[in-house]
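Please keep the sequence and the model in view while reading.

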Amino acid sequence: MRMKIKIILLIAFWSFSMGLWAGDNEFRQVVDLRGDWNFNFDPNDEGFSREYWNIDLPDHVLLPGTTDTNRKGTINTNKAETTFLSRYYSYQGPAWYSKIIDIPSEWNGKHIELFLERTRPTMVWVDNYLAGKSESLSTPHRYNLTSLLTPGKHKITIRVDNGESIPRQIRTSSHACTESTQTNWNGIIGRIELQIMNPLFIASVQTYPQASENSVRVQVTLSQNADLNGKKIRLSASAFNTSKRHVAASAVYPLKDGCKVYEFTYPLGKGAMLWSDLHPALYRLQVAIDGFDEKTVTFGLRDFGADRSHFTINSVQTFLRGKHDACVFPLTGHTAMGLDEWMRYFKICKEYGLNHCRFHSWCPPEACFEAADRVGIYLQPELPIWGEITEAGKELTDFLLHDGEKIQGEYSNHASFVLFALGNELSGDMNTLKCLVEQFRTMEGRHLYAYGSNNFLGWKGHIPGEDFLVTCRLGWGEGYSSHTRASFSFADADEGGYLNNTYPNTKMNFDGIAEKSPVPVIGHETGQFQIYPDYREIAKYTGVLAPWNFEIFRDRLEKAGMAEQADDFLKASGAWAVELYRADIEMNLRSKYMAGFQLLDLQDYPGQGSAYVGILNAFMDSKGLVTPREWKEFCCEVVPLLRMEKYCWRGDDAFSAAVEVANYKESLAGRTLSWRLLVDKKVLKKGRLNLPSGIGVLDAGTINLILPNVKRACKAELSLRIDGTSYRNRYPVWIYPADQRIEQGRVQVVHQLTDSVANALQQGAKVLLIPRKEACGEVTVGGLFQTDYWNYRMFKSICEQAKKPVSPGTLGLLTNPQHPLFADFPTEYHTNWQWYSVIKHSYPLILDRMPKSYRPLVQIIDNIERNHKLGLLFELKVGRGDLLVCMADLEAIRNLPEGNQLYAALFKYMNSSSFSPSTSVTVDELKRLFVPDGVKTEIERLDNISYE
């Protein structure tokens, strides 16, 4: 009885003084050290000389946490920063943390470790004794304190340095540290605990699945050599995270004297369950040594491999539909550490049809791998480096080698950990990169390796020694022939690449280049289509980062007189961006030799000039642009695809389109695909195709039909559905009257505002003004079909440095589909494929001199840096006359059905009673619209490390 009371009191004491005493099992205890810690900054790095481990640190913080979450550091008074979110408090350099603990006598003879789950480079003291140091940014820091923590009171002091202890190149560019993402925080996040074990304990259990044999090779490493003759080790495993039950028979193996590392092949038996993105079944493996220790690890029974062009999971071809992750956590300024947060993250990815995630120049924590295991996501972590690696930079390469070794040892059991790359867009010495990969490959064979993601910006193509290639291009090629994504900056590709500079179709793919690679190719940072910011998001920033960039952009729009249009800009640019992402993703899915893509991104990136490129915001919340179900129509394990030469047709045209299915689930043999051509939900034509068997891009047949000879232009929809499943897709098809005539009526068409034209307007004429582009000078911006790439400010700087043309920088059009002008040119409120030729021949006029309330009929949305009011089509009352201005060369596209149709629609509108402009200007005011005002928007330079 006295012993029970003593134990209860001891537990109560420890719960009060150091946190809850928890036990993994009867051989292991954990003491939680979360809570209040003494603290002090050390900006001048004087802690060693002042013996900070000897004194009482004057301040207090809560751990886990950072100096930001504890509101410590230099208060940020710069509210003019627009390139990233702003920290309220910042600090870089050493900081000291200390805590008094009381060690019970019961721990005599035990092994005691201090465990710090994630931090910056640390040094640890127990009282006056230095226990050691650790520098990993990516894995836990473990300190053996057995000899120092004798019974009684002790002070643990931890020095954390987010300054010079981290190589400068990592500190200033890696997404593990940069201010553009998780910030260079100082602190300790995640678990902080003492782990108490017997002197002989299981230090490591590594699992090497052999899916083809329904077995797993298990490597058990003990803490020390020991006399274990006669002792046995027991292995047992059971499946979880699956609706089916499977328990493997236990296996018992004898142990030998003086051996520290043991290997066993453990059969899982009949009915063993395989892990994949579609069926993420997992196993809990318990390893027990009688009377000494037991340890439980999880693994998935899977073989992830690669052939010449594709990745395979358990010998079946798979396709990686991925996203880029930049460690964007706006509330904490550091990576999420909890399982629930990462489960939410990956469930959202799965809702949008993704099965892959690449971590740009950083490695996530344990909880991330565990969540990916459970949800079924293939992961590609990276070393914390972006930039140049040279043979002379030994400090940097030693740091990276050490961090990479720790990553391999810490996370390789996870089924989700399938790919590993050295970092982002690396350059420098190729032999050094090869050496790093070879060392990692020698120590760990469970992953496929790449020298980095998009190294040398893809210009070197494939380099021997890589197992896979993540790239935007494969070396040099004419035009877009080497590209592995459809969108680029103007600095990297003529007119920004395929989507912005190719007549719209659904036939383009990347096979011409991908099939030349000897290893699987993953498209690097696919997409990057800007979406206008949602200023309502400002209210969500309740943590350590301030959205002052949002506030500046909002205020600029208000100053430009368009504040009430912010939501319309968001919806119109966002709806168009969704269609652009659809097109880019489908180009990948149509490519029989592409192995996957990595979007940039499903979510916004708040750094590098503030890049709002996601259909989700930085919190992974929807912007209301597209539902997961709609997105999965074109981004899923099974996607019906239509290959047609164009979107715009004339009535009576012979329409022909091939049907394919990108199938990465199971055989579709015996199933059928139904197609329908609809106008206003009325079925005009329909049919059915038999689907073949197989995995990959499957040919399903051809749709041939004669389009109806419509009397009025219409937008049709061609829908595809795999019968008996939820898999469907749909494509817009615009059909215009075959014999559409231009009826000019009383409208005068002019190309310049001469005195005679001005006089005609004063007398009441109807005038269509289509100015010549070359006569408009600096009062226009160019015609950009897609929304601007990534961020206008950054790539404007890069283009100017490279002496390349600068992108027009716009985000698509905004209009009112119900306006009478569009009665004969049906359109959405946003850009769509029928606008391609019009926009590419356009030069929108800057209308900043017009009244703030004035709105063009077709407005072009400008970027957040300039905020011009831009008109593509707009109307004005001039004297007694009515003027319509078209800032596009329609004569150049009269031969196209959509160009001819818009021209005809303009005349029909102008000859109707609906044409009655409400805004009046004088002739002089009209002329001044075409004269530069001499005021230029100053946009500061913004560099990028990959283009230095």
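This is a predicted model: local features need pLDDT of at least 70, side-chain atom pairs count only at pLDDT 80 or more; totals for chains, interfaces and linings use all residues.

Along the principal axes, the C-alpha trace spans about 110 × 65 × 55 Å.

Within this outline the secondary structure comes to 16 helices and 52 strands. Of the 948 residues, 62% count as buried, and the accessible surface of the protein comes to about 36100 Å², with 48% of that area belonging to carbon and sulfur atoms. When contacts between residues at least 6 apart in sequence are considered, 72% of them join residues at least 24 apart. As for charge, the protein has 104 positive and 110 negative side chains, and the centres of these two sets lie 5 Å apart.

From the whole we may turn to one strand, E51, which covers residues 881–886.

Which strands pair with E51? Strand E46, residues 766–769, runs parallel to E51 and is joined to it by four bridges; in this pairing Val767 has Leu883 of E51 as its bridge partner. Strand E50, residues 870–878, pairs with E51 in the antiparallel sense over six bridges, and here Lys877 has Asp882 of E51 as its bridge partner. E50 and E51 form a hairpin with two residues between the strands, where Gly879 takes a positive phi near 65°.

A positive phi is also found in residues other than glycine, and one of them is Asp45, whose phi is near 55°. Asp45 lies in the loop between E3 and E4 and is partly exposed, with a relative accessible area of 39%. Asn44 has its place in that loop too, between strand E3 (35–41) and strand E4 (59–63), and Asn44 is exposed, at a relative accessible area of 57%. Although Asn44 and Pro94 are 50 residues apart in sequence, their C-alpha atoms are 8.3 Å apart in space. Elsewhere, Asn241 has a positive phi of about 65° without being a glycine; Asn241 is found in the loop between strand E18 (232–240) and strand E19 (247–254), and with a relative accessible area of 32% this residue is partly exposed.

The backbone also has cis peptide bonds to look for. One of them joins Leu63 and Pro64, with omega about 5°, and Pro64 lies in the loop between E4 and strand E5 (65–66). Another cis peptide bond joins Leu600 and Asp601, again with omega about 5°, and Asp601 is found in the loop between strand E36 (596–600) and helix H11 (628–631).

Key:
Residues are numbered from 1 along each chain as its sequence is written. Side-chain values use heavy atoms; hydrogens and water are left out. Buried means under 20% relative accessible area, exposed over 50%, partly exposed in between (1.4 Å probe, protein chains only). Contact means heavy atoms within 4.5 Å. Accessible areas come from the Shrake-Rupley method with a 1.4 Å probe; for residues, only the protein chains shown count as cover. Lys and Arg count as positive and Asp and Glu as negative; His and the chain ends are not counted. The place of a charge is taken as NZ of Lys, CZ of Arg, CG of Asp or CD of Glu. Two strands pair if DSSP finds at least two bridges between them.
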